[in-house]
Amino acid sequence: MSNPAPGDLETVRAFVNTLDIDDAIEELALPADLGRWLAQHDLLGGAPSVRPSAEDLRHATRLREALRAHLLAHHGQPVDPAAVAVLDAAARRARLTLRFTGDDETVLEPAAGGVDGALGRLLAIVNGAIDDGSWQRLKVCPADNCLLAFYDASRNRSAVWCDMRVCGNRAKVRGYRERHPTG
């Protein structure tokens with residue numbers, strides 16, 4: 001199994017993994033599921049309760065898949081421009097704002113409330129991870145039947161699969177069979 005990501009970046013990893021493709025499990029099937037998930041991960045900014053709409057759920061799942069596409073690019077592929085557009089739109093909806101909090105200290109936080117603000121908090125975590133260098137280590141397993149986000153804790157940042165024993169082994173077997181067809 002994969003390593004957890006450091007600090008708040010684990011929340012981004014968990015968000016991307018709310019869809020388990022291999023086991024066909026969607027944690028965000030209903031708007032209420034999204035509300036519970038955001039509350040459980042302390043992304044609502046102290047709001048007492050948020051009732052996400054169906055549109056909020058669509059927005060959140062589009063953001064999740066845009067993040068997944070961006071993480072897949074951490075294997076050296078180009079970033080999908082459509083994913084970048086979704087991420088930019090989510091940042092605008094959240095009205096991300098730089099706030100000064102002390103001597104040479106700042107925080108990027110959403111001015112929007114509700115679901116837009118909660119998703120903006122996820123994007124602020126991404127911004128922090130880009131700044132501290134941990135973002136490039138958060139990747140998505142390239143196996144089409146997996147696509148789980150994992151944290152690459154390898155020394156040289158070269159991990160490809162979420163689990164070498166499962167996804168990596170499947171890829172090796174598939175490659176062998178393609179090179180050595182039976183017949």
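## Surface and overall layout

Accessible areas here come from the Shrake-Rupley method with a 1.4 Å probe, and for residues only the protein chains shown count as cover. On that basis the protein chain exposes about 10,300 Å², with carbon and sulfur atoms supplying 51% of it. This is a predicted model, so local features need pLDDT of at least 70 and side-chain atom pairs count only at pLDDT 80 or more, while totals for chains, interfaces and linings use all residues. Residues are numbered from 1 along each chain as its sequence is written, and side-chain values use heavy atoms, leaving out hydrogens and water.

The protein chain has 6 helices and 6 strands; these are DSSP runs numbered from the N terminus (helices are H or I, at least four residues; strands are E, at least two). Walk along the sequence and you get α-β-β-α-α-α-β-β-α-β-β-α. Of the 183 residues, 40% are buried (under 20% relative accessible area; exposed is over 50%, partly exposed in between, with a 1.4 Å probe and protein chains only). Take the contacts (heavy atoms within 4.5 Å) between residues at least 6 apart in sequence: 52% of them join residues at least 24 apart.

## The cores

A nonpolar core is a set of buried Ala, Val, Leu, Ile, Met, Phe, Trp, Tyr and Cys residues joined through side-chain atoms within 4.5 Å. The largest one has 34 residues, and Leu9, Val12, Phe15, Leu38, Leu67 and Trp135 have the most contacts inside it. Two or more residues come from each of helices H1 (9-16), H2 (31-40), H3 (54-72), H4 (81-94) and H5 (114-132), and from strands E5 (138-140) and E6 (149-151). H5 is the top contributor, giving 8 residues.

## Helices H2 and H5

H2 has Asp33, Leu34, Gly35, Trp37 and Leu38 as its buried residues, and their cover includes H1, H3 and H5. After H2 comes Asp42, with a positive phi near 55°.

Over in helix H5 sits Asp116, buried at a relative accessible area of 19%. Apart from neighbours within four places in sequence, Asp116 is in contact with His59, Arg93 and Ala94.

## Hairpin and loops

Strands E3 (residues 96-102) and E4 (residues 105-110) pair in the antiparallel sense over 6 bridges; pairing takes at least two DSSP bridges between two strands. Gly102 has Glu105 in E4 as its bridge partner. The two strands form a hairpin with 2 residues between them, and Asp104 in the turn has a positive phi of about 55°. Asp104 is exposed, with a relative accessible area of 85%.

Ala24 also has a positive phi of about 55° despite not being a glycine. You'll find Ala24 in the loop between strand E1 (19-20) and strand E2 (25-26), exposed at 68% relative accessibility.
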